[in-house]
Amino acid sequence: MRSERDEQFHRFVVSRRSGLVRTATLLTAGDAHLAEDLVQSTLTKLYVAWPAFQRADNPDGYLRRVLVNALTDERRRWWRRREESMADVPDQPAAEPVVPGELADGLRVALKQLPPRMRAALVFRYFYDLDVADTADALGCSEGTVKSQTARALDRLRAVIGPSLTTAHR
């Protein structure tokens with residue numbers, strides 16, 4: 001037998017889960033497995049804090065913040081910092097200039113090279129079109145930090161992608 005809280009949470013999950021997975025996929029630069037883990041962690045934390053979530057002035061901001069915190073927590077886990085063993089040494093560096101037809105893959109690779117909070121700033125500012133204040137709220141930092149993180153992230157993307165990024169916008 002479900003309580004009223006369980007029913008509300010179930011309706012919330014049914015209505016918002018696909019959007020959370022899409023956002024988590026962007027925040028993880030296309031890592032679908034990590035995105036699913038982040039959504040699961042986010043929903044678990046949200047269930048525990050369901051009364052606080054319902055009282056929040058900005059529930060969407062609250063949700064984005066829980067998701068970003070889950071990403072940050074995930075990146076801090078000790079097994080994420082361990083070396084990754086490979087059978088063969090890669091012949092090419094991970095970041096290569098991208099040919100115009102491969103812009104989406106190149107952008108994903110370039111996004112993956114950014115630190116999680118820098119990537120989150122870009123995702124919220126440019127994929128979700130949030131203003132600086134809402135992005136700062138989601139990341140739990142100042143507006144100045146969002147501006148500097150965004151500028152540095154764009155500089156890094158320009159360095160990795162190069163002229164193909166400017167060609168794609170024309």
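In which hand does helix 1 pass helix 2 in their crossing? Helix 1 passes helix 2 in a right-handed crossing, where right-handed means that the near helix is turned clockwise from the far one by less than a right angle, and left-handed that it is turned anticlockwise. The model is predicted, so that local features need pLDDT of at least 70 and side-chain atom pairs count only at pLDDT 80 or more, whereas totals for chains, interfaces and linings use all residues. Residues are numbered from 1 along each chain as its sequence is written, and side-chain values use heavy atoms, with hydrogens and water left out.

The chain holds ten helices and zero strands, helices being DSSP runs of H or I with at least four residues and strands runs of E with at least two, numbered from the N terminus. Along the sequence this gives the pattern α-α-α-α-α-α-α-α-α-α. Of the 170 residues in the chain, 34% are buried, where buried stands for under 20% relative accessible area, exposed for over 50% and partly exposed for what lies in between, with a 1.4 Å probe and protein chains only. Among contacts between residues at least 6 apart in sequence, 65% join residues at least 24 apart, a contact being heavy atoms within 4.5 Å.

Two packed helices are described by the angle between their axes and the distance between the axes. Helix 1 (residues 4–27) and helix 2 (residues 32–48) pack at an angle of about 150°, their axes 10 Å apart; the axes are lines fitted to C-alpha atoms over the stretch in contact, and angles run from 0 to 180 degrees between N-to-C directions. Helix 1 and helix 2 are therefore roughly antiparallel to each other, in a scheme that takes angles under 35 degrees as roughly parallel, over 145 as roughly antiparallel, 65 to 115 as roughly perpendicular and the rest as oblique. On the side of helix 1 the contact is made by Arg5, Asp6, Phe9, Phe12, Val13, Arg17, Leu20, Val21, Ala24 and Thr25, and on the side of helix 2 by Ala35, Glu36, Leu38, Val39, Leu43, Leu46, Tyr47 and Val48. By class, this contact has 13 nonpolar, one polar and four charged residues, with Ala, Val, Leu, Ile, Met, Phe, Trp, Tyr, Cys and Pro counted as nonpolar, Asp, Glu, Lys and Arg as charged, and the others, Gly among them, as polar.

The loop between helix 1 and helix 2 contains threonine 28, which counts as buried at 1% relative accessibility. Leaving aside neighbours within four places in sequence, threonine 28 is in contact with Leu34, Ala35, Leu38, Leu71, Lys112 and Arg119. Tryptophan 50 lies in helix 3 (residues 50–55) and is likewise buried, at 4% relative accessibility.

Side chains of opposite charge can pair when their charged atoms come close. The count comes to five salt bridges, each being a side-chain nitrogen of Lys or Arg within 4 Å of a carboxyl oxygen of Asp or Glu. One of them joins arginine 16 to aspartate 60, with the closest N and O atoms 2.7 Å apart, and it links distant parts of the chain, arginine 16 in helix 1 and aspartate 60 in helix 4 (residues 59–76), 44 residues apart. Arginine 16 is partly exposed at 29% relative accessibility, as is aspartate 60 at 34%. Lysine 45 and aspartate 73 form another, at 3.0 Å between the closest N and O atoms; here lysine 45 in helix 2 and aspartate 73 in helix 4 are 28 residues apart. In helix 9 (residues 143–161), aspartate 155 and arginine 158 are three residues apart and thus separated by about one helical turn, and their side chains meet in a salt bridge of 3.2 Å, N to O.
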